[in-house]
Structures are given as C-alpha cells and as structure tokens.
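Work through the two exercises below with the model at hand, and try each task before reading its solution.

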Amino acid sequence: MTDAAGQSWQRTFKGLPEQARAARKWARARVGPAPVEQDVEQVAGELFAAVLGSGPDVITVTVSTAGDRVRLIATGPEELPARHTHGPGRAVITGLSNLSGVTPDGRGLWAQLRAERP
C-alpha cells in the first residue's frame, strides 16, 4: 500500500449473508500486509452488512488505495433507508476509520482509513 498514485478494485457479490465473509476477505487481500488490514476487514464487513440489510440482490464493494489511505465503498442498487445508514454497525465504522459517510447517490456507505507509518 505504498503507491501514491493509487489503485482501485471493484467486485460484485450476491446480496446474501454468507457473502459477507467473502467480501471481508477480498477487501483485506487488496490492501495486503498493512497496518490497517484487520481494520479494513472489519469495516468492509460492517459496510456490507449495512447495505445487505436493505435486501439487495447484489452488493458492489470497491477498495481504493493511495499512499497511506484505504477507501472502502459498499453499494446496492437502491437508495438505503436511514436505519441502514445509521445502524449499530456505524459505530464500528466510525471507530475504525478516519472519515466515513453515505455515498452521494444514497445507495451505499464509504469509509476511509489511514495507515500509521512506522
């Protein structure tokens, strides 16, 4: 995770609870061995769960890295109800990330983490 220009990956998962683990592991693998890799996995899982709660057929997860930053986004095909954008997982997301919010189109959530440099 040292490329200052950045990289971005995107994958669509089925909107099923058992896909949450696959989404977490996939997101973690994109950042490789980095100081925030466990946080990335946890935050990706919470983002996925928040979107999953609205009942979508598919959930798209995007992981972008640049320098010491990792941005995670989980989106569904429809706008999320407020109870999914501010649910209990939101405390985990805000606790582990530096910035977070709802996507501009309201169909998902995003979080940005910053790796501590040794």
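**Exercise 1.** In this predicted model, find which residues of H1 meet which residues of H2, and describe how the two helices are arranged.

*Solution.* Begin with the contact itself, in which Gln19, Ala20, Ala23, Arg24, Lys25, Ala27, Arg28 and Val31 of H1 meet Glu37, Gln38, Val40, Glu41, Ala44, Gly45 and Phe48 of H2. Then turn to the geometry: the axes of H1 and H2 are 8 Å apart, and the helices pack at an angle of about 145 degrees. Finally, look at the handedness, where H1 passes H2 in a right-handed crossing.

**Exercise 2.** Determine how many aromatic pairs the structure holds, and work out how each one is oriented.

*Solution.* The structure holds 2 aromatic pairs. In one of them, phenylalanine 13 and tryptophan 26 have 6.0 Å from centre to centre and 75 degrees between their planes, an edge-to-face arrangement. This pair links distant parts of the chain, since phenylalanine 13 belongs to strand S1 (residues 7–14) and tryptophan 26 to helix H1 (residues 19–31), 13 residues apart. Both phenylalanine 13 and tryptophan 26 are buried.

For the pair of phenylalanine 13 with phenylalanine 48, the ring centres are 6.2 Å apart and the planes stand at 85 degrees, so this pair is edge-to-face. Because phenylalanine 13 lies in strand S1 and phenylalanine 48 in helix H2 (residues 37–52), the pair ties together parts that are 35 residues apart in sequence. Phenylalanine 48 is buried, as is phenylalanine 13.

Key. Residues are numbered from 1 along each chain as its sequence is written. This is a predicted model: local features need pLDDT of at least 70, side-chain atom pairs count only at pLDDT 80 or more; totals for chains, interfaces and linings use all residues. Side-chain values use heavy atoms; hydrogens and water are left out. Rings of Phe, Tyr and Trp (its six-membered ring) pair if their centres lie within 6.5 Å; planes under 30 degrees apart count as stacked, over 60 as edge-to-face and the rest as tilted. Helices (H or I, at least four residues) and strands (E, at least two) are DSSP runs, numbered from the N terminus. Buried means under 20% relative accessible area, exposed over 50%, partly exposed in between (1.4 Å probe, protein chains only). Axes are lines fitted to C-alpha atoms, for helices over the stretch in contact, and angles run from 0 to 180 degrees between N-to-C directions. A crossing is left-handed if the near helix is turned anticlockwise from the far one by less than a right angle, and right-handed if clockwise. Contact means heavy atoms within 4.5 Å.
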